[in-house]
Amino acid sequence: MNIVLVPGLFSKSEFLSGLRERLEDEGFACWGPGFHVNTLLRNELFLLRRRCKRLEPVILVGHSAGGLLSLRLAAEGTVDVRAVVGLGIPIFERPLMPRLVPYYEARSIWGMLVTPAAQEVKRFLALHTMLPMTRSVQDWVVEKLIYES
């Protein structure tokens, strides 16, 4: 199963390099999103869709606004997305999806006040920005990926 890591707003793909190294150490094939910096203004959804079409089936792991892109792509139904693992996605409701795509969400201290309609929501004592770098969050992501692979 190919794992595509999608960084948050104004973050470079390298921001998720620690998580990527951990997942690769666990045996997962990880890929960037097909763009360098997430601005939500430069066709990032198109580039993510193109990357995922080449790799499908995929599991998307998105941090913050990168998770929004991941959910949006899963909701389109144009790519075989097997699951979305969100790390602090700024969302309140689960988007409508043509088929039920499993969606798991890790919440930070900041995000604990809002509970999205995910299949599973796990809360961590970590700052929003630090979610992808926190060991316990990485352990949880590995657990979700093993379950969905």
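**Before you start**

The model is predicted, so local features need pLDDT of at least 70 and side-chain atom pairs count only at pLDDT 80 or more, while totals for chains, interfaces and linings use all residues. Residues are numbered from 1 along each chain as its sequence is written, and side-chain values use heavy atoms, with hydrogens and water left out.

**Exercise 1. Find how α2 and α3 cross, and which residues meet there.**

Step 1: Locate the helices. Helices are DSSP runs of H or I with at least four residues, strands are runs of E with at least two, and both are numbered from the N terminus. Helix α2 covers residues 44-55 and helix α3 covers residues 65-76.

Step 2: Compare the axes. These are lines fitted to C-alpha atoms, for helices over the stretch in contact, with angles from 0 to 180 degrees between N-to-C directions. The axes of α2 and α3 come within 10 Å and cross at roughly 60°. That makes α2 oblique to α3. Angles under 35 degrees count as roughly parallel, over 145 as roughly antiparallel, 65 to 115 as roughly perpendicular, and the rest as oblique.

Step 3: Assign the hand. A crossing is right-handed if the near helix is turned clockwise from the far one by less than a right angle, and left-handed if anticlockwise. α2 passes α3 in a right-handed crossing.

Step 4: List the contacts, meaning heavy atoms within 4.5 Å. From α2 come E44, L45, L48, R49 and C52, and they meet L69, S70, R72, L73 and E76 of α3. The residues of this contact of α2 with α3 comprise five nonpolar, one polar and four charged. Here Ala, Val, Leu, Ile, Met, Phe, Trp, Tyr, Cys and Pro count as nonpolar, Asp, Glu, Lys and Arg as charged, and the others, Gly among them, as polar.

**Exercise 2. Check the span of α3, and say what its buried residues pack against.**

Step 1: The expected span of a helix is 1.5 Å times one less than its number of residues. With twelve residues, α3 reaches 17 Å from its first C-alpha to its last, close to the 16 Å expected.

Step 2: Buried means under 20% relative accessible area, exposed over 50%, and partly exposed in between, with a 1.4 Å probe and protein chains only. In α3 the buried residues are A65, G66, G67, L69, S70, L71, L73 and A74. They pack against β1 (2-6), α2, β3 (58-63), β4 and β5 (103-107).

Step 3: α3 is followed by G77, whose phi is positive, near 80°.

**Exercise 3. Is L87 buried or exposed, and what does it touch?**

Step 1: L87 belongs to strand β4 (residues 81-87).

Step 2: Read its accessibility. L87 has a relative accessible area of 1%, so it is buried.

Step 3: Gather its partners. Neighbours within four places in sequence aside, L87 is in contact with residues including L19, V61, H63, S64, L131 and V141.

**Exercise 4. Which backbone features stand out at P57, L40 and S64?**

Step 1: The peptide bond from E56 to P57 is cis, with omega near 5°. P57 sits in the loop between α2 and β3.

Step 2: L40 is not a glycine, yet its phi is positive, about 60°. This residue, L40, is in the loop between β2 (29-31) and α2, and it is partly exposed, with a relative accessible area of 40%.

Step 3: S64 also has a positive phi, near 55°, in a residue other than glycine. S64 lies in the loop between β3 and α3 and is buried, at a relative accessible area of 14%.
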